[in-house]
Structures are given as structure tokens and as C-alpha cells.
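Trainee: Please take a close look at one part of this model, the place where the two chains meet. I would like the salt bridges treated with some care.

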Amino acid sequence: VKAIRARARVQRWSFRQRHLAHGAWERFRLALAHAERAFVVDEATAGALRAEGCAVDVAGCDLEPPRVIMWISAERAKELPSARELPLRLSADLLASTHLVLVPFTDQP
Amino acid sequence: VRFRDRLVSTLRAVAPVLEVPGVLVGGSEVPNLLEVGAAATLVVSQDVDLVVPVGALEAVKAQLGRITRLAPSTEEPSVWLPRGDATELIEVNFIGMDPAIVDPIDTYELTDERLPLMVFGPLSLLAPGTVLEIDGVRIPLPRPAGLALEKLVTDRTGEKGDRDLLVVAGLLLTMSPEDLADMEVTYGRLPAEMRHQVRSNLSILSLLDARPHMPDPRPQRARVDALLRRLEQP
């Protein structure tokens, strides 16, 4: 019982910290959960996308270093020469990427 | 012996307890039982939980004498183990549900000489659902929405946490639009902290990898996304 209550206290503490680092991590994870596909791109490609009008999702801004996350269509992703698709798992590759473009789910089940 | 047969045989062995009104089969075996013909291919754990409302404890204790193929563990009397001649059975955990609590922090131990129970707050999210009849055994199950939320409101860390979330992946396979609407309504009644935990755990589930002999979460990612969107609506 003590262990369960201790876990619950930690859970509460985490909730209170959600606007600090812990919250930033969770916002990042939620963004990934909403993505059907993820691609890592180089800085130049990210800059070009921004110039096209792609908005940067704040979900990556509070991480250190900040992650540039942009949402694009699957068709646009195919056109990006530097894009390398990553499986949507919490892998070292994905976590180390500083420029990510995400494709949202389109067909809702 | 197939796992399905072990599971059904175990539930047959505890059938007298399953006759008590309010008692439910809970936990990771529910997705197995909800498969067509209770195929039980989504093996997550080798035990089965019997959820006992604290108000039904005396009625459950009155039935324990009719259970002959399992016996309480000496270390933990709420865990019943197969007797020596019943090795095909799996362990049974008796756990308590108290409708007066829901928060994990309110979890308590209900002391009793015959059947002490760990009473977990989130279990009160379970509501009675379908009663399956499998090979002549009557199996009362909770509604999937409450069971999914029960798994999602608790902080899930490490291997055990991942397994619990994979139970939700298994449930999502079988949940109907009505179940999802049910989940949304129950979610809306939760305190803000627990709602936050639900969303956080769903995002973790979405990013889990497949594991052998467990529900594969990857084909469920679109469903998780849709569910998250429903739950994120103000």
C-alpha cells in the first residue's frame, strides 16, 4: 500500500510540474502520438518548409535543445529530398532529432 | 494445453465466486475473453483478477469453501494458487473495489483473516458489462470503457506498466463506438489530474513497440489518436 501511495504522490507531483520540463516532455510525446508518420530533416529543409508557411509546433520548443516540429501532408513529405522516415517509437534516433516533420492521421477509424 | 483452456478451467474452478452479484473478472484477461470464442491469444499475464466489491466480501467468503482446486498462498492470502493436482490452472488474484474511492492514492488494505484484499481506488471505475458463457462457465466482465480507464489513470512505469497499457491496446481492438462514447463520459467525470494521466498514458501506448505474445499496439495508433482528440476537446 505504501508503494502504491508513493507512486500516486509522484504522479501528483508530476501533474503539478506539467508546465515545467515534465510538461514539455509530455507535450512532445502527445504530438508524436498524433502523428501517423515522422521524418527527420536537415536544418535547410526545415528552413525551407518554414519559408513555405509551415508553422512550428510549440510541442518541441521547450525541450533542450529545442526540437523544431512541423506538420505537413504525406505527399509533401515524399517530396523532401533530405527526409528520412523514423518509426514512431521513443527511440534514440527520434529523440536525438532536432528537426522533425510529422504527418497527421487523416482517416479517422 | 492452450492458454485459453487454462484460463477457462481456472474460471470454472472459481465459478462459485463468480456467482456472487457484483464480482467481475478484471485485468489483463478481459481482452483475451472478449476475443471471438474467448480465443485468449493476447496473453499478457499468467494470472487472472477477480474484482470483489467490498460490500460483497462476506458473500464471497461464503463461497470460498466450494473452491477445491486452488488454495490461498501462505505469503499473500488474496492470491490463490493451483493445488498440486491442478497444474493446468493459473493463479487467481482477489482484489477489492470500493465505490467510495477512485484515486490511486486512496488505495488501502482491507484486513480479513480469511480473504484480505488490496482495495485499489481506480477499480471503482469498473461497471458491470457483458456476462459471457464459455464452455458452460458464466463469466461476468466489466464494461471495456471502465477497464481501459482503470488501466490509464494509474502511473505506469517499467515493464509492468507497459504490459498494463498493452491491455488497453487489446481492449481498443474490441471497443465499439458506444464503448468509446462511454469512455468519454466517464473520463469527463474524472478529476483533472487523472484526466491528465489518461492522456499521458495514451501517448505512451501510442509509442510502444510490439512484444511477443502481447497485443500489438502499432495497428491501434490511429484509434489512439482519434481517442486522444475526443478526450482533448474542452
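Mentor: Start with Arg89(A), which has a relative accessibility of 16% and therefore counts as buried, the limit being under 20%. This is a predicted model, and side-chain atom pairs count only at pLDDT 80 or more. The partner of Arg89(A) is Asp209(B), and the closest N and O atoms of this salt bridge are 3.3 Å apart. Asp209(B) itself is partly exposed, at 42% relative accessibility.

Between chain B and chain A the count is one salt bridge. Over all chains the count comes to 20. Where do the two residues sit, and why does the pair join two chains? Asp209(B) is in the loop between α8 and α9 of chain B, while Arg89(A) is in the loop between β4 (84–86) and α5 (92–96) of chain A, so the bridge runs from one chain to the other.

Now the interface around that pair. On the side of chain B, 33 residues are in contact with 24 residues of chain A. The two chains bury about 2,700 Å² between them, and 58% of that area is on carbon and sulfur atoms. Three residues, Ile105(B), Leu207(B) and Arg221(B), supply 26% of the area that chain B buries against chain A, more than any other three residues.

Polar contacts are also found here: nine residue pairs across the interface, both members at pLDDT 80 or more. The elements of chain B that give two or more residues to the side touching chain A are β6 (108–110), α8 (192–206) and α9 (221–232). Of that side, α8(B) provides the largest share, with nine residues. By type, the residues on this side of chain B divide into 13 nonpolar, 13 charged and seven polar.

For comparison, consider some salt bridges inside chain B. Arg69(B) pairs with Glu88(B), with the closest N and O atoms 2.8 Å apart. This pair links distant parts of the chain, 19 residues apart: Arg69(B) is in the loop between α4 (57–64) and β3 (70–72), and Glu88(B) is in the loop between β4 (79–82) and β5 (91–97). Arg69(B) is partly exposed at 30% relative accessibility, and Glu88(B) is partly exposed at 26%.

A salt bridge also joins Arg230(B) and Glu184(B), again with 2.8 Å between the closest N and O atoms. Here the two residues are 46 apart in the chain, with Arg230(B) in helix α9 and Glu184(B) in helix α7 (residues 177–188). Arg230(B) has a relative accessible area of 29% and is partly exposed; Glu184(B), at 26%, is partly exposed. Elsewhere in chain B, Arg2(B), Arg4(B), Asp5(B) and Asp135(B) are linked in a network of salt bridges.

Last, the nonpolar cores. The largest has 77 residues, and those with the most contacts inside it are Leu11(B), Leu33(B) and Phe94(B). Helix α6 (residues 158–174) of chain B gives this core its largest share, seven residues. Leaving aside residues up to four places away in sequence, Leu11(B) touches Leu18(B), Val25(B), Leu33(B), Val48(B), Leu50(B), Val137(B) and Ile139(B). Apart from that core lies another, of 16 residues, including Phe28(A), Val40(A), Ala59(A) and Leu102(A).

Definitions and conventions
Residues are numbered from 1 along each chain as its sequence is written. Chains are lettered from A and ligands numbered from 1 in the order in which they are written. This is a predicted model: local features need pLDDT of at least 70, side-chain atom pairs count only at pLDDT 80 or more; totals for chains, interfaces and linings use all residues. Side-chain values use heavy atoms; hydrogens and water are left out. Contact means heavy atoms within 4.5 Å. Buried area is the accessible area (1.4 Å probe) that two parts lose on being put together, summed over both. A salt bridge is a side-chain nitrogen of Lys or Arg within 4 Å of a carboxyl oxygen of Asp or Glu. A polar contact is a pair of N or O atoms within 3.5 Å; within protein, one must be able to donate a hydrogen and the other to accept it, and residues adjacent in sequence count only if both atoms are side-chain atoms. Helices (H or I, at least four residues) and strands (E, at least two) are DSSP runs, numbered from the N terminus. Ala, Val, Leu, Ile, Met, Phe, Trp, Tyr, Cys and Pro count as nonpolar, Asp, Glu, Lys and Arg as charged, and the others, Gly among them, as polar. A nonpolar core is a set of buried Ala, Val, Leu, Ile, Met, Phe, Trp, Tyr and Cys residues joined through side-chain atoms within 4.5 Å. Buried means under 20% relative accessible area, exposed over 50%, partly exposed in between (1.4 Å probe, protein chains only).
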